[in-house]
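Subject: Structure handover

Hello,

Here is the structure I said I would pass on. My notes on it follow below.

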Amino acid sequence: MPGYLDHARVGPLSRPAARALAGANGLATRMAPADLDRLFALGDAARASAARLLDARPHELALSPSTSNGLFTVAAALQGPGTVLVPRGEFPANVYPWLRFEGRGGPDVRLVEPDEGRHITPESLRRRLTPDVVALTVSAVDSLTGHVAPLAALKEVLGPHRLLIVDAIQGLGAVPLEAEAADVLVSGGQKWLRAGWGAALLLIRDQCAARLAPGLGGWAGVAEPFAERHPAPPLPGAAAHLATNPDFPAAAALGAALDDLAGQGGPAAVGARIRTALAELLDRAERAGAEVLLNGLGPAERAGIGTFRLPGHDPAAVHRALEAAGVVTTRRGEWIRLSPHASTPAAATDLFAEALAPFARPTGRARTATAGPATPEPVPPAPASGTPPTRTTSPSSTTLTQEPTCPTT
């Protein structure tokens, strides 16, 4: 649908991914020995495609069922003592694994405040480093603001002996990431890659592999799964952390999505189109008087996510009006999140603008966002069609007020 602006929540399955999924399921209906070999080969092909994207070796990658599962795998693998830094406000998928393994063999957890609603900066990270810190875990792109983390600068501050662990699901496939800086990277394919559920990338680079025990590694992660005595020696590389075989049809879809991304020019080319589409939407929001979170972000600092609110209007009513107009977004408390894709048509911008028109203020351009919810005014009736939002939030004055949400980022 032309008004779908919610890829940060779920990216509709792409045609290449859908074809690959159907083909792999076709193999699974027959299950001749050669078909089973072909299914296993699809998993290997997906890892090879991911290795090219992430500038990694294929053995440094494994396929996990999901981003959350991959992060739990890493949390189980990172043995204490020590402390892992977790920015406060991270999406819960990157919080709970560390909390669950704290006191169960994993490092202690220290929640740290981000700077001005953004990611933790290299300067503030430097101030928080103490001798006990062994790792920092961070989202490559913030799921609310769209801010891109300075991964290379964070890793430089951490140094070679501390791990940089990256939840990349809101950036992989949407914008270029400084993935070479990550010691560990995890990302599912159901958002910007548009590959559906069931397969995620788990990257563990060789330089830190020895520091991660195969905490969740099962029979699929050992060299001799049918040995007479256990535990058997682990497989080399990221495969040591596999609990079982991957979902091969899901792996096929993920591999096809990665190849499709490469065929479209890679993250730089696709990301440029996504950012252009988002900028047009945020411009329309500003014209309607909207405030945009971190409106001062530079072009390279924002990924495919932009979040706005309309002062004086009930955000739930604005969200309903957008939906009634055929504009699909996500509401987080008082904020409405936009996340177009490279495939988003120009008609989506007009739909969005039309839907915002009944809420527009006559004052013109957007203002700076302030802390606290806007004061509700009488809510106009939901329009029949929609118009894109505008951008207007000062990064220095914005206060993020995240509220509990359903477990989709």
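Which residue in E9 is the bridge partner of Val292? The partner is Phe308. Please keep in mind that this is a predicted model.

The loop between E8 and E9 contains Leu294. Leu294 has a positive phi of about 50°, although it is not a glycine. Most residues other than glycine have a negative phi. Is Leu294 buried or exposed? Leu294 is buried, and its relative accessible area is 0%.

**The sheet of 7 strands**

There is also an open sheet of 7 strands, in the order E1-E7-E6-E5-E4-E2-E3, and its pairing is mixed. Strand E1 (61–64) and strand E3 (108–112) are the edge strands; each has a single partner strand, so one side of each is left without a neighbour in the sheet. On average, neighbouring strands of this sheet are turned by 20° against each other, direction ignored.

Helix H2 (residues 33–54) packs on this sheet, where it touches E1, strand E6 (184–188) and strand E7 (200–204). The direction of H2 makes about 120° with that of E1.

E7 pairs with E1 in the antiparallel sense over 4 bridges, with Leu61 opposite Leu203 in E7. E6 is joined to E7 by 5 bridges, and these two strands also run antiparallel. Here Gly188 stands opposite Ala200 in E7.

How many of the 5 residues of E7 are buried? The count is 5 of the 5, so E7 is largely enclosed by the rest of the structure. In a regular strand the side chains alternate between the two faces of the sheet. Both faces of E7 are covered: Ala200, Leu202 and Ile204 are buried on one side, and Leu201 and Leu203 are buried on the other.

The loop between E6 and E7 holds Arg194. Arg194 is not a glycine, yet its phi is positive, at about 60°. Arg194 is buried, with a relative accessible area of 18%, because the cut-off for buried is under 20%.

Elsewhere in the sheet, strand E4 (residues 133–139) and strand E5 (residues 163–167) run parallel and are joined by 5 bridges. In this pair, Val138 has Val166 in E5 as its bridge partner. Helix H6 (residues 151–158) packs on the sheet and touches E4 and E5. The direction of H6 makes about 155° with that of E5.

Which residues of H6 are buried? They are Leu151, Leu154, Lys155, Val157 and Leu158. These residues cover an arc of only 160° around the axis, so they lie on the same side of H6. The cover over the buried residues of H6 includes helix H5 (122–128), E4 and E5. Just after H6 comes Gly159, with a positive phi of about 85°.

**A helix pair**

Helix H10 (residues 315–324) and helix H11 (residues 347–356) pack with their axes 9 Å apart, at an angle of about 135°. H10 and H11 are therefore oblique to each other. H10 passes H11 in a right-handed crossing. In H10, Val318, Ala321 and Leu322 meet Phe352, Ala355 and Leu356 in H11.

**Cis peptide bonds**

Most peptide bonds are trans. The bond from Gly80 to Pro81 is cis, with omega near 0°. Pro81 is in the loop between helix H3 (67–77) and strand E2 (83–87). Another cis peptide bond runs from His230 to Pro231, with omega near 5°. Pro231 is in the loop between helix H7 (206–209) and helix H8 (248–263).

That is what I have for now.

Regards

Conventions
Residues are numbered from 1 along each chain as its sequence is written. This is a predicted model: local features need pLDDT of at least 70, side-chain atom pairs count only at pLDDT 80 or more; totals for chains, interfaces and linings use all residues. Side-chain values use heavy atoms; hydrogens and water are left out. Two strands pair if DSSP finds at least two bridges between them. Axes are lines fitted to C-alpha atoms, for helices over the stretch in contact, and angles run from 0 to 180 degrees between N-to-C directions. Contact means heavy atoms within 4.5 Å. Buried means under 20% relative accessible area, exposed over 50%, partly exposed in between (1.4 Å probe, protein chains only). The arc is that of the directions from the helix axis to the C-beta atoms. Angles under 35 degrees count as roughly parallel, over 145 as roughly antiparallel, 65 to 115 as roughly perpendicular and the rest as oblique. A crossing is left-handed if the near helix is turned anticlockwise from the far one by less than a right angle, and right-handed if clockwise.
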